[in-house]
Amino acid sequence: MCGIVGYIGKRQAYPILIKGLKRLEYRGYDSAGIALITEQSGLQVYKTKGKVADLEKHAEGKDISGTIGIAHTRWATHGEPTSTNAHPHVSSTGRLAIIHNGIIENYAVLKDQLKEKGIEFHSDTDTEVLVQLIDYIRTKKELDLLTSVRIALHQVIGAYAMAIIDKDNPDQIIAARQSSPLVVGIGDGEFFLGSDASPIIEYTNKVVYLDDQDIAVIDRNKENVEFVNIHNETIEHEIKKINLNLSQIEKGGYPHFMLKEIFEQPESLKDCMRGRVNVDLNNVVLSAVIDYRKELINARRFIIVACGTSWHAGLIGKQLLENFCQIPVEVEYASEFRYSNPVINNQDVVIAISQSGETADTLAAVELAKKKGAFIFGICNAIGSSIPRATQTGCYIHVGPEIGVASTKAFTGQVTVLTMLSLAIAKARGTIDIREYEELVKGLNDIPEKQKELLNSCNEKIHEISKIFTYARNFLYLGRGYNYPVALEGALKLKEISYIHAEGYPAAEMKHGPIALIDEEMPVVIIATKNALYDKLMSNIQEIKARKGRVIALVSEDDEKVKALADEYIELPKTLECLEPLLATIPLQLLAYYIAICKGKNVDQPRNLAKSVTVE
Ligand code: M6R
């Protein structure tokens, strides 16, 4: 939620900041702004409602010179998306400009106090309160900017990644973090700031990830960035080398990131399994299961915490872990878990699943479980993000940056890691038959090839099917067993990017309510592969057809019966039942994508959403 970028060095800041904002636009895209300190005109702030492209238009013909600047792309929390509420915000003295990602929870109290002291406010945002507070402390007590920032941050409750510049000191940016991500890039005589590393990697691969309560003092005349905490104690940070390349964060010939990421799945799952699944040795090796064998194999219970798509992956994880490891599993929405009073002890293992590794609710759930003594295992994609740093161990899914707001390859990556984890723990516990284990290792290893085959065979067909169903205002998605969470995921994808109302249900639940919705207008997507519950699914299809519903079925390739019954069908390559989600999800991602495209929607930046939900 909100992307922040900063630059200080020898080059012109504007092009670097604009490019950086474009790379971070997935984090928020309702308004954008930039602040530069230019030689001729001093502090210049340009901001507008809309996207980064609108900001560029807005800044055309204006003074955009200067080698220091900060910029922001917003996902509104406090105050409508207007140019007044867009960041950067400038203090009343006109000296300080700030950008901020997060929420200042006690902003109303602070605002009242500052108003009483005569400070005038111009926006409805919590961020303006922060810059006014810092400037009030600075002027009142005649303090330097760093000290003023530190004192102000002591008074603030909430989350922030922020950067501030002072028009009278064009050599310095001060940045700070609490609960929202912030990365400093270290170049040769120049420094960069970003909400993640994507705006930085074009210029340097040396980065420092800030921890909570860290403040970075970035001075163009110094070789290194100084880090202190809010108590003014010096912090030593290791400079990390990141392994990202530009092609990973660009569209590579695809019209949208979402389509690129759907098509990347065969390769991304190979990356996810690389060095972990060894089909020659019939083995799955996860270093976390070797290093923390005792904690994992003796777990009394697993509790999976996650949100959205990651929560759907968790539902599949529950079935895998219970089936193979014989350990009970609970799957909780992180947002509910963090405010419940869960009974947890040190024999529980909490598995936190998050693509971004920054989701505020999931992070808070991790902190709560940690306090209660649970062992914490993270399944994340974004390297160096907050959740992996807060967990004792875990597995990165290694599917590469996911930029489309609708999660696709991260979901199949999460399910793949959960499968590998279940197999590794089950083998260590002796709860899985060795022949079944070997079959699963082979089955998993074959998935990328099957995904490739599926993408080739179904892409065009789904494009055609989607044209038929753009009329629909509602969709029902049904599945059973391992495919029930796939139905939930298919429905979420459709509503997120096409704004069509969609519900996912376990197929057998249909007759307990949703069947009332079925008429000749209602498309029902049903995952009806030939597995243990095939006959039951056949009956569900008959029930839908009897009420004139329109069935789009995902079927096993040799299943003529369902093909004959369905209005439309997509064939899935054969695989083991528990691996079906890794295939069945793909046509549902494509269906959502093409329906949204047919309806003219912006699939990579759907309305009201942001990729990384760093606020509650
Ligand atoms: O980064 P996370 O996996 O923690 O994100 C969780 C959800 O916000 C995310 O999955 C969201 O539901 C996606 N937009 C789904 O496509």
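This is a predicted model: local features need pLDDT of at least 70, side-chain atom pairs count only at pLDDT 80 or more; totals for chains, interfaces and linings use all residues.

Author: Residues are numbered from 1 along each chain as its sequence is written, and side-chain values use heavy atoms, with hydrogens and water left out.

Reader: What is the closest cysteine sulfur to that of Cys-395?

Author: It is the sulfur of Cys-272, at 8.1 Å, again too far for a bond. A disulfide is a pair of cysteine sulfur atoms within 2.5 Å, and a search of the whole structure finds zero disulfides.

Reader: Is Cys-380 buried or exposed?

Author: Cys-380 counts as buried, because its relative accessibility is 2%. Buried means under 20% relative accessible area, exposed over 50%, and partly exposed in between (1.4 Å probe, protein chains only). Cys-395, at 6%, also counts as buried.

Reader: Turning to helix α12, how many of its residues are buried?

Author: Nine of its twelve residues are buried, so α12 is largely enclosed by the rest of the structure. Among them are Ala-360, Leu-363 and Val-366. Helices (H or I, at least four residues) and strands (E, at least two) are DSSP runs, numbered from the N terminus.

Reader: What do those buried residues pack against?

Author: They pack against β17 (301-306), α11 (334-337), β19 (348-354), β20 (375-380) and α13 (386-390), where contact means heavy atoms within 4.5 Å. After α12 comes Gly-373, with a positive phi near 95°.

Reader: How many cavities are there of 30 Å³ or more?

Author: The count comes to two. A cavity is a set of points, on a 1 Å grid over the protein atoms alone, where a 1.4 Å probe fits but cannot get out; lining residues have an atom within 4 Å of a point.

Reader: Which residues line the second largest cavity?

Author: The lining includes Ile-462, Val-525, Leu-554 and Pro-587. Its residues divide into nine nonpolar, no polar and no charged. Helix α19 gives the largest share, three residues.

Reader: And what classes line the largest cavity?

Author: That lining has two nonpolar, seven polar and two charged residues. His-78, His-87 and His-100 are among its residues.

Key:
On a 1 Å grid over the protein atoms alone, a cavity is a set of points where a 1.4 Å probe fits but cannot get out, and a pocket is an open set with protein on both sides within 12 Å along at least five of seven lines; lining residues have an atom within 4 Å of a point. Grid points are joined across faces, edges and corners, and a volume is the space filled by probe spheres set on the points. Ala, Val, Leu, Ile, Met, Phe, Trp, Tyr, Cys and Pro count as nonpolar, Asp, Glu, Lys and Arg as charged, and the others, Gly among them, as polar.
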